[in-house]
Amino acid sequence: MLATSQLPRLIVALAAVVAAGVALFPPDWLPPGTGMTTAVALVTISFYATGLVAEAVTSLLFFLAAMLFTVAPAEVVFSGFASNAFWIIFGGLILGMSIRHTGLGQHIASVLLSRLPGRYSLLIAGAVGVGLILAFVMPGSMGRMVLLVPIAVAIADRLGFSDHANGRIAVVLAAVFGTHIGSFAILPSNTPNVVWAGAMESIYGVEIGYLDYLWWHFPVLGLLRSLLLIALLIYVFPDRIPGRPAPDEPRGPMTRDQRQTALVLLAALGLWASDALHGVGPAWVALAAAAYCLLNGPRLVPEKPFAALDIGPLLLLSGILGLGAILAYSGVGEAAFNQLLPALPLAPGQGALNYALISLGGVGLAVLAAMPGVPAIGVPLGETLASATGWSVQSVLTILAASYSTYLLPYQAPPILVGAQLGRVPWGALTRFTLGFAVLTILLIFPLHYLWLRLIGILPG
């Protein structure tokens with residue numbers, strides 16, 4: 001029987017063999033000249049999925065292979081470094097450093113712990129609930145990760161969870177998944193939603209309202225899936241709170257440096273939440289906050305902040321975004337989906353089957369495309385799907401929200417990767433939980449989502 005420790009090596013070896021075959025004998029359905037692009041993508045995905053080597057090293061190997069084999073122009077391969085997400089994470093790393101350096105995270109944790117319930121299950125539920133609430137007021141999952149994860153880590157520290165304890169992992173993942181999963185049911189709260197709504201308007205002239213989108217998706221994809229998340233975290237990472245600070249433990253006022261860092265965070269949060277009014281992107285708000293902290297070192301950050309900066313999350317994010325960019329540039333993801341589409345047995349009057357095929361097809365597409373790539377590729381196919389199912393374009397494309405909010409492996413969702421990196425969640429635990437949660441979502445949440453869409457009249461009976 002194959003040892004579990006050998007499985008990642010076997011997966012990477014199989015991916016390398018398949019990649020070599022695709023590079024040497026590219027299938028006819030691939031766009032011309034993209035055999036090597038597909039090969040590089042397959043091997044890179046296998047490394048990201050298995051964690052056989054450090055994720056940052058995988059990104060470096062991807063950059064090297066992409067440039068050596070000229071699979072795309074340099075501006076495409078390295079586009080992650082120029083993305084808004086890169087600078088949000090850079091700013092977030094500096095803000096997190098300031099939160100730790102000044103002790104603000106521990107202070108906030110002390111305040112929260114005096115109000116949080118003493119039971120482990122309620123602690124996890126509270127962390128998920130806070131993340132879900134924040135998704136309503138703060139657009140952009142990356143920014144929410146920056147704000148929530150350092151506080152979640154501080155709470156785990158104050159409660160006495162050791163570095164690799166189940167409780168620490170669960171608290172961090174509750175904050176990470178809690179604010180990311182729920183955001184897919186709230187229109188302006190993450191990029192794939194915005195891409196979907198923008199494509200619907202530009203291609204079909206259908207303008208989607210905030211409350212309409214919320215009504216279609218939040219009861220099931222937002223609320224019920226958050227409850228599933230809580231239950232799964234408690235089951236997969238069973239633990240108990242090892243101890244609590246004494247109720248009468250003195251807690252003095254914030255220091256001057258803590259107040260200054262708190263004001264920077266509040267200002268950033270206010271600007272993130274009101275970007276529609278002032279037009280300053282979240283990345284530049286994060287960068288401005290980081291610059292302020294750096295200019296006020298060593299009070300707000302260590303004396304040599306860049307020596308203490310962990311660049312792993314930055315390289316990881318840049319690699320993931322670069323991989324998505326070359327797949328989009330080459331058209332490999334779209335070609336794979338177009339190859340699959342005629343084989344799907346879509347038919348009028350087969351409501352449950354049509355929902356299952358479209359939603360699962362989108363989940364499969366997400367493996368070969370960045371998360372925003374699912375609506376970007378799927379929405380233009382709306383008329384084809386509508387013709388095959390007998391539904392309206394709006395009805396059939398509403399299903400895509402279930403697809404682009406469900407990812408099988410962590411590399412498909414950069415915010416999850418970054419949050420887990422900031423919280424130092426072990427790669428194996430993150431991968432197993434992500435896959436398990438996706439499988440349960442498909443088995444339990446997708447059928448309920450289909451029934452809900454039928455109940456409210458979005459899908460015909």
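Here is a short tour, one stop at a time.

Before you start, note that this is a predicted model, where local features need pLDDT of at least 70, side-chain atom pairs count only at pLDDT 80 or more, and totals for chains, interfaces and linings use all residues. Residues are numbered from 1 along each chain as its sequence is written, and side-chain values use heavy atoms, with hydrogens and water left out.

**Stop 1: two packed helices**

Select residues 84-102, which make up helix H5, and residues 282-295, which make up helix H14. (Helices are DSSP runs of H or I with at least four residues, numbered from the N terminus.) H5 and H14 pack at an angle of about 35°, and their axes are 8 Å apart. Axes here are lines fitted to C-alpha atoms over the stretch in contact, and angles run from 0 to 180 degrees between N-to-C directions.

Now show the side chains where H5 and H14 meet. On H5, the contact residues include Trp-87, Phe-90 and Leu-95, while those on H14 include Trp-284, Leu-287 and Cys-293. (Contact means heavy atoms within 4.5 Å.) The residues of this contact split into 14 nonpolar, 3 polar and no charged. In that count, Ala, Val, Leu, Ile, Met, Phe, Trp, Tyr, Cys and Pro are nonpolar, Asp, Glu, Lys and Arg are charged, and the others, Gly among them, are polar.

**Stop 2: aromatic rings**

How many aromatic pairs does the structure hold? There are 19. Rings of Phe, Tyr and Trp (its six-membered ring) pair if their centres lie within 6.5 Å; planes under 30 degrees apart are stacked, over 60 edge-to-face, and the rest tilted.

Pick Tyr-355 and Tyr-450: this pair is tilted, at 5.6 Å centre to centre with 50° between the planes. Tyr-355 sits in helix H18 (residues 351-367) and Tyr-450 in helix H24 (residues 427-455), so the pair ties together parts that are 95 residues apart in sequence. Tyr-355 is buried, with a relative accessible area of 3%, and Tyr-450 is buried too, at 10%. (Buried means under 20% relative accessible area, exposed over 50%, and partly exposed in between, using a 1.4 Å probe and protein chains only.)

Stay on H24 and select Phe-433 and Phe-437, which are 4 residues apart there and separated by about one helical turn. Their ring centres are 6.0 Å apart and their planes at 5°, so this pair is stacked.

**Stop 3: a buried histidine**

Jump to His-217 in helix H11 (residues 210-236). Is His-217 buried or exposed? His-217 is buried, with a relative accessible area of 0%. Its side chain makes a polar contact with the side chain of His-449, at 3.1 Å. (That is a pair of N or O atoms within 3.5 Å; within protein, one must be able to donate a hydrogen and the other to accept it, and residues adjacent in sequence count only if both atoms are side-chain atoms.)

**Stop 4: an enclosed helix**

Colour residues 414-422, helix H23: 7 of its 9 residues are buried, so H23 is largely enclosed by the rest of the structure. Among what covers those buried residues are H5 and H24.

**Stop 5: a loop**

Finish at Ser-79, in the loop between helix H4 (74-77) and H5. Ser-79 is partly exposed, with a relative accessible area of 24%.
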